[in-house]
Amino acid sequence: WEFNSVGFPQSNWPTAAQAGAAFQHAFRSFEDVPGGSIQFNRLPDRSGAPASNDGRAEVFLCTDETNDLFGSNISGFYAATYFVRNTTTGAMLDADVEFNGDPDTFTWAVTGPPAPGGSSDLEVTLLHEGLHAVGGGHPVYLYAAVWPTGRFPEDLMHDRCLAPDDRALLRTLYPEAPLLGTITGQVNLSS
């Protein structure tokens, strides 16, 4: 993955170094799940227009929610994950996470948890979007990082920790070997 600092600095964003560190912490949370094997390689930071389906997993912020860096309207969303998968194998070919950095809508912070009043936490939001990027959908478990309605109030996930459902997802999609064990024996009905 790589952090794309296109558009930095902005008054409603942390510094590029702070944002990059918050993103690294979120990805590290995925790697630290016991029983999971997912690993991320952080590439050098870059600055420039991101491209869809370029084989690079980029994380960046946009300044205009009505016309993001891919030409979409993400008004009202904390962030959006764009991904491309192989329709035959399901393999992820490309994933980009774009944060809504419109100064009229969101102020981003890294000083939590919890984020200071009137701001949103970059790391907490990447935990949500990153789970989409690696194949997760929205679960029914309220405290999951990838809960469908965001975190309002954000204190629902003030500790930046993955929930049991999030960890189960990562262990299921990216298990440590061996994937399956064997159960042997005989089942008897008793009367």
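**Reading the fold**

Biologist: As what does Asp-32 count, given its relative accessibility of 46%?

Modeller: A residue is called buried under 20% relative accessible area, exposed over 50%, and partly exposed in between (1.4 Å probe, protein chains only). Because Asp-32 has a relative accessibility of 46%, this residue counts as partly exposed. The model is a predicted one, in which local features require pLDDT of at least 70 and side-chain atom pairs pLDDT 80 or more, whereas totals for chains, interfaces and linings use all residues. Residues are numbered from 1 along each chain as its sequence is written, and side-chain values rest on heavy atoms, without hydrogens and water.

Biologist: Where does Asp-32 lie in the chain?

Modeller: Elements are DSSP runs numbered from the N terminus: helices are H or I with at least four residues, strands E with at least two. Asp-32 belongs to the loop that links α1 (16-31) to β2 (58-62). Between the C-alpha atoms of Asp-32 and Glu-58, which are 26 residues apart along the chain, the separation is 21 Å.

Biologist: How many helices and strands does the chain have, and in what order do the elements run?

Modeller: The chain contains three helices and six strands, and their order from the N terminus is β-α-β-β-β-β-β-α-α. Along the principal axes, its C-alpha atoms fill a box of roughly 70 × 35 × 25 Å. Of its 191 residues, 41% are buried.

Biologist: Which strands form the open sheet, and in what order?

Modeller: Strands of a sheet pair through backbone hydrogen bonds, in either a parallel or an antiparallel sense. Two strands are taken as paired when DSSP finds at least two bridges between them. Here, four strands make an open sheet of mixed pairing, ordered β1-β2-β4-β3. Its edges are β1 (2-3) and β3 (79-85), each of which pairs on one side only.

Biologist: In what sense does each pair of neighbours run, parallel or antiparallel?

Modeller: β1 and β2 are parallel, with two bridges, and Glu-2 stands opposite Glu-58 in β2. β2 and β4 are also parallel, over five bridges; Leu-61 has Phe-99 of β4 as its bridge partner. β3 and β4 are antiparallel, over seven bridges, and Ala-80 is partnered by Glu-98 of β4. Six residues separate the strands of the β3 and β4 hairpin, in which Gly-90 adopts a positive phi near 85°.

Biologist: How many residues of β4 are buried?

Modeller: Strand β4 (residues 92-100) is mostly covered, with seven of its nine residues buried.

Biologist: Why does Glu-129 count as buried?

Modeller: Glu-129 counts as buried because its relative accessibility is 7%. This residue is part of helix α2 (residues 122-133).

Biologist: Which residues does Glu-129 touch, and which side chain does it join by a polar contact?

Modeller: A contact means heavy atoms within 4.5 Å. Leaving aside residues up to four places away in sequence, Glu-129 touches Ala-79, Ala-80, Thr-81 and Val-97. A polar contact is a pair of N or O atoms within 3.5 Å; within protein, one must be able to donate a hydrogen and the other to accept it, and residues adjacent in sequence count only if both atoms are side-chain atoms. The side chains of Glu-129 and Thr-81 are joined by such a contact, at 2.4 Å.

Biologist: What share of the contacts in the chain joins residues 24 or more positions apart?

Modeller: Among contacts with a separation of 6 or more, such pairs account for 61%.
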